[in-house]
Amino acid sequence: MAVSTENRPALSPTTDTQNNAQAAAQTIDGFQLVIEALKLNGLDTIYGLPGIPITDLTRRAQGDGLRVLSFRHEQSAGYAASIAGFLTGKPGICLTVSAPGFLNGLNALAHATVNCFPMILISGSSEREIVDLQQGDYEEMDQLAIAKPVAKAAFRVLHAEDIGIGIARAIRAALSGRPGGVYLDLPAKLFAQCIDAAAGRASLIKVVDPAPRQIPAPEAVQRALELLKGAKKPLIILGKGAAYAQADADIQALVEKTGIPYLPMSMAKGLLPDTHELCASAARSFVLPGADVVVLIGARLNWLLSHGKGKTWGGKASKDWGGQKFIQIDISPQEADSNVRIDAPLVGDIGSCVSALLQGIGSGWAKPPADWLNAVHEKKTTNVAKMAETLVKNPSPMNFHSALNVVRDIVKANPEAMLVNEGANALDFTRSIVDMYRPRKRIDVGTWGIMGVGMGYCVAAAVTTRQQVIAVEGDSAFGFSGMEVETICRYDLPVCIVVMNNNGVYKGTDKDPTGRDPAPTVFVKGARYDKIIEAFGGVGVNATTPAELRKAMEDAIRSRKPTLINAVIDETAGTESGRITSLNPSAAKKK
Ligand code: ADP
Ligand code: TZD
Ligand code: MG
């Protein structure tokens, strides 16, 4: 039974303190129940920003031993929570105030849902009765309704005795099946509600098996194996779902036992080392149109894979099927056939599906025909050699290649380091130049190609993995979350940010045709981003050559001090929209 503090009978002054102490010993409030419910489920870190009505929640959570990381903007806190979910397999918790704070966090909630990352956005909200009558409460907003379309699930808890259920439902929704972002609405009044302590604690739920294995049907496994057996030019595509699933050893065994070349999507890089002999990254434009059977493991046939059709896949025109047959491993039963026909859908969790395939393959599996393997190898060797030539050039000013050649070496020497990456050219060049060697080390703009994840990702990566973090940031991309440099310094995190400063979005050369203003894509020329971190006690370095960049990165990694390197890049070096120029309406018009 809920006992609201306001409804307690008035006590005489002499007995007041005594009775309060007694009552406090026997009751528990909403704040405490939320904290204990999170702790009970092993959710020990909160990414958030305080204010009414959740300030005390942040204080008391910290007092109770939770890690509370306080950001300068909720969007960064949200992105941090979303990627913590990806990295740990536990829902990342983001905590915000009502209306504006909630809306700032909402972008990250949508991002988590779109990317299939488990995350829970917990926002305080205003008084329901006033909100619903639209009487103009402080930060009035029907947050639950607004969150629903972008969340995998959304819940509101009105009574303290339901907090345990609310948090359990949020955890289950975030983690089970296809992971996603969950919204949990906690009105201000809930936090102050007091209930009997024993009953309150008994109402909390430790969620049992929140991400249950989903075993694929034997006939689906058989169908997939039959298709794969007949393949002459098979290809495996690993997506970030495969990285998330943490079935690393089985995935490696599948690739190596079958001897099938594989292509890692951006955040699946390093699941097997990019230097693996079967890695076909450097032959992407050869293997996609060339393959006859493609095994998708935790990767959707969305825009990042040209929807499985068109010229990328060897189709004659932009919407034509290239003739490939697909096996798709995915936990979502609705994913198959979303873009092209999937001949062998394998619905289940990646760990179970891959291990079922491995069992079916046994020991007598024939490797793919040599002419396919040789052709892939040849293409790859030619492209790698071409890239190597470009990388050793040392133009002045530095370009993306000469700067990223340094990052490539540094990551090779520090394979456990986390790599955060956003921008357009700064993203595309890093993805193709910097090899990854371990699973879940590369985190980036994801499914939406979103700018602004950078510094939030750095904080979460440093906190959850305790490893060195290297962030390669476009100068525009960095600007979206740049103020979180203070957060990085405040928590003294081992983060080395490299701002690839080409004076603008894509490049720094555009001009206003009227001559009045700077062009929309151009920033202050010669800006010194390194000065920003110095304001907060971090190390700032201006690097104009690969040698300076190398030294600054090595120093940062040795010292583990928060560091920001302003890498001065030729402002003419980039291309419009990086690799996705074709999606630009102006480019489409020209076609
Ligand atoms: P990428 O962008 O790397 O191609 P996507 O985000 O498009 O990857 O695809 C990830 C896919 O992985 C989603 O369809 C999601 O349902 C799936 N997925 C996520 N976790 C698992 C899991 N544990 N088991 C099976 N599939 C999963
Ligand atoms: N806003 C958001 C939230 N996401 C976006 N993706 C964009 C705007 C559009 N956009 C891109 O797609 S890349 C980019 C923007 C603004 C920045 C590119 O500039 P950069 O990188 O300096 O980060 P390069 O190296 O100069 O290409
Ligand atoms: Mg730029």
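A surface patch is made of residues with over 30% relative accessible area and no salt bridge, and nonpolar side chains are joined within 5 Å. The views below show a predicted model.

**View 1. A nonpolar surface patch that includes Trp303.** The members of the patch are Trp303, Ile580 and Leu583, with about 270 Å² of accessible area together. Trp303 sits in the loop that runs between strand E11 (293-297) and strand E12 (325-330). Its relative accessibility is 30%, so Trp303 counts as partly exposed.

**View 2. The site of the magnesium ion (ligand 3).** The donor residues follow the spacing D-x26-N-x1-G in sequence. Asp475 belongs to helix H20 (residues 475-481) and Asn502 to the loop between strand E17 (495-501) and helix H22 (530-534), so the pair ties together parts 27 residues apart in sequence. Asp475 is buried at 2% relative accessibility, and Asn502 is buried at 3%.

**View 3. Cis peptide bonds at Pro53 and Pro397.** Most peptide bonds are trans. The bond between Ile52 and Pro53 is cis, with omega about 5 degrees; Pro53 lies in the loop between strand E2 (45-48) and helix H3 (55-63). Ser396 and Pro397 are also joined by a cis bond, with omega about -5 degrees. Pro397 is in the loop between helix H16 (370-392) and helix H17 (400-413).

**View 4. Positive phi at Cys116 and Tyr506.** Cys116, in the loop between helix H5 (99-115) and strand E5 (119-125), has phi near 65 degrees. Cys116 is buried at 14% relative accessibility. Tyr506 has phi of about 75 degrees and lies in the loop between E17 and H22. At 25% relative accessibility, Tyr506 is partly exposed.

How values were computed: Residues are numbered from 1 along each chain as its sequence is written. Chains are lettered from A and ligands numbered from 1 in the order in which they are written. This is a predicted model: local features need pLDDT of at least 70, side-chain atom pairs count only at pLDDT 80 or more; totals for chains, interfaces and linings use all residues. Side-chain values use heavy atoms; hydrogens and water are left out. Donors are N, O and S atoms within 2.8 Å of the metal (3.2 Å for Na, K and Ca); water is not among the atoms, so sites may look incomplete. Helices (H or I, at least four residues) and strands (E, at least two) are DSSP runs, numbered from the N terminus. Buried means under 20% relative accessible area, exposed over 50%, partly exposed in between (1.4 Å probe, protein chains only). Patches are made of residues with over 30% relative accessible area and no salt bridge: like charges are joined within 9 Å, nonpolar side chains (Val, Leu, Ile, Met, Phe, Trp, Tyr) within 5 Å. Accessible areas come from the Shrake-Rupley method with a 1.4 Å probe; for residues, only the protein chains shown count as cover. A salt bridge is a side-chain nitrogen of Lys or Arg within 4 Å of a carboxyl oxygen of Asp or Glu.
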